[in-house]
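Trainee: I have a model open and would like to go through it with you. Could we start with the backbone and then move on to the helices and the ligand?

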Amino acid sequence: MKIGLITLLPEMFAALSDYGICGRAIRDGIVEINLVNPRDFTADKHRTVDDKPFGGGPGMLMKTEPLVAAIRATKEALTERSGSVPKVVYLSPQGVKVNQEKVVIEAQAESLILLCGRYQGIDQRVLESEIDEEWSLGDFVISGGEFAAMAIVDAMIRRQAGALGDSESAMQDSFEEGLLHCPEYTRPQSFEGHDVPNVLLSGDHAAIKRWRHKQALGTTWRKRPDLLDARELTSEQNDLLKEYQKEHGDQ
Ligand SMILES: C[S@@+](CC[C@H](N)C(=O)[O-])C[C@H]1O[C@@H](n2cnc3c(N)ncnc32)[C@H](O)[C@@H]1O
């Protein structure tokens, strides 16, 4: 997957490219990150990338001409290299909230462009002429789109074949199959008077799998019942959930 990131602060993306699973996937060429700075598309001596809003008011906007030139150059380059026209996404608190289902779908694209806003955002005409979709991290405002882009790209990298080792399989993650991840335990076997559930020490793989599935259903039911309302459980899952509710009390 080839991802174009349009940002006034490309240095911030070292947090993505230099560490952990994402760093390894980028180094291995599983995902290609292209950082594009609108400042490199300015024509004035001061390389200006902000401008005042018409009508006055506090704050600045991203300057139109360098921003549009950066978007178009990135789109052209990625189209040529990936063989498909990338969607151009503006990261914005006004966008659709990104969830795992969206990540799974969008991570299948050959290429994608994420525009990281700064200041008070971008000119409405740029939004209308250049942007295909607006994506939000949630109903809160952060100072720039970079953290949003990093979170979303990280989630997309986890979906790329070969990005995770077996032991880090994305299939166990919360929201896969519409459920939250089951509780996990590590050493010590007994910690401050609380023991690891016996089944996890049994070596019985079928029993462990069944227990984990039951816990995932129960955890989802307790923490995010809305996820269960949105799907139909199989009769086996209904039985497991009833068993969980009986063991833990109905609340
Ligand atoms: C200070 S914010 C501007 C917010 C804008 N004035 C508004 O209220 O809609 C600057 C930039 O941060 C990014 N941003 C802020 N909150 C975000 C969120 N919840 N999700 C994604 N991006 C966000 C956007 O790219 C935005 O252009």
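Mentor: Let us begin with Arg47, which sits in the loop between strand S2 (32–36) and strand S3 (50–51); please keep in mind throughout that this is a predicted model.

Trainee: What is phi of Arg47 near?

Mentor: Phi of Arg47 is near 50°, which is a positive value in a residue other than glycine. Most residues other than glycine have a negative phi.

Trainee: Which loop holds Tyr119, and what is its phi?

Mentor: Tyr119 is found in the loop between strand S6 (111–116) and helix H5 (124–130), and although Tyr119 is not a glycine, its phi is positive at about 60°. Tyr119 counts as partly exposed, with 17 C-beta neighbours inside 10 Å.

Trainee: Switching to peptide bonds, which residues does the cis one join?

Mentor: The cis peptide bond joins Arg187 and Pro188, with omega at about 5°, and Pro188 belongs to the loop between H6 and strand S8 (190–191).

Trainee: How far apart are Leu5 and Val153?

Mentor: Leu5 and Val153 are 148 residues apart in sequence, yet they lie 9.8 Å apart in space, C-alpha to C-alpha. Leu5 is in strand S1 (residues 2–6) and is buried, because 25 other C-beta atoms lie within 10 Å. Leaving out residues up to four places away in sequence, Leu5 touches Phe13, Ile33, Asn34, Leu35, Val36, Leu114, Cys116 and Ala149.

Trainee: What about H7 and H9, at what angle do their axes cross?

Mentor: The axes of helix H7 (residues 205–223) and helix H9 (residues 235–248) come within 9 Å and cross at roughly 70°, and the two helices are therefore roughly perpendicular to each other.

Trainee: Which residues make that contact?

Mentor: From H7 the contact uses His213, Lys214, Leu217, Gly218 and Trp221, while H9 supplies Gln237, Leu240, Leu241, Glu243, Tyr244 and His248. By class, the residues of this contact are five nonpolar, four polar and two charged.

Trainee: Which residues of H7 are buried, and what covers them?

Mentor: Trp211, Lys214, Gln215, Ala216, Leu217, Gly218 and Thr220 are buried in H7, and what covers the buried residues of H7 includes helix H8 (225–229) and H9. H9, on the other hand, is hardly covered, with a count of one buried residue among its 14 residues. After H9 comes Gly249, whose phi is positive, near 80°.

Trainee: Last topic, the ligand: which residues come nearest?

Mentor: There are 19 residues around the ligand, and of these Pro93, Gly117, Gly121, Gly145 and Ala148 come nearest. Ala148 is also among the buried residues of H6.

Trainee: Where does the largest share of that shell come from?

Mentor: The largest share, four residues, comes from strand S5 (residues 87–97), and the shell as a whole has eight nonpolar, 10 polar and one charged residues.

Methods: Residues are numbered from 1 along each chain as its sequence is written. This is a predicted model: local features need pLDDT of at least 70, side-chain atom pairs count only at pLDDT 80 or more; totals for chains, interfaces and linings use all residues. A residue is near a molecule or strand if its C-beta atom, placed from the backbone, lies within 6 Å of it. Ala, Val, Leu, Ile, Met, Phe, Trp, Tyr, Cys and Pro count as nonpolar, Asp, Glu, Lys and Arg as charged, and the others, Gly among them, as polar. Axes are lines fitted to C-alpha atoms, for helices over the stretch in contact, and angles run from 0 to 180 degrees between N-to-C directions. Angles under 35 degrees count as roughly parallel, over 145 as roughly antiparallel, 65 to 115 as roughly perpendicular and the rest as oblique. Two residues are in contact if their C-beta atoms, placed from the backbone, lie within 7 Å. A residue is buried if 20 or more other C-beta atoms lie within 10 Å of its own, exposed if 12 or fewer, and partly exposed in between; C-beta atoms are placed from the backbone.
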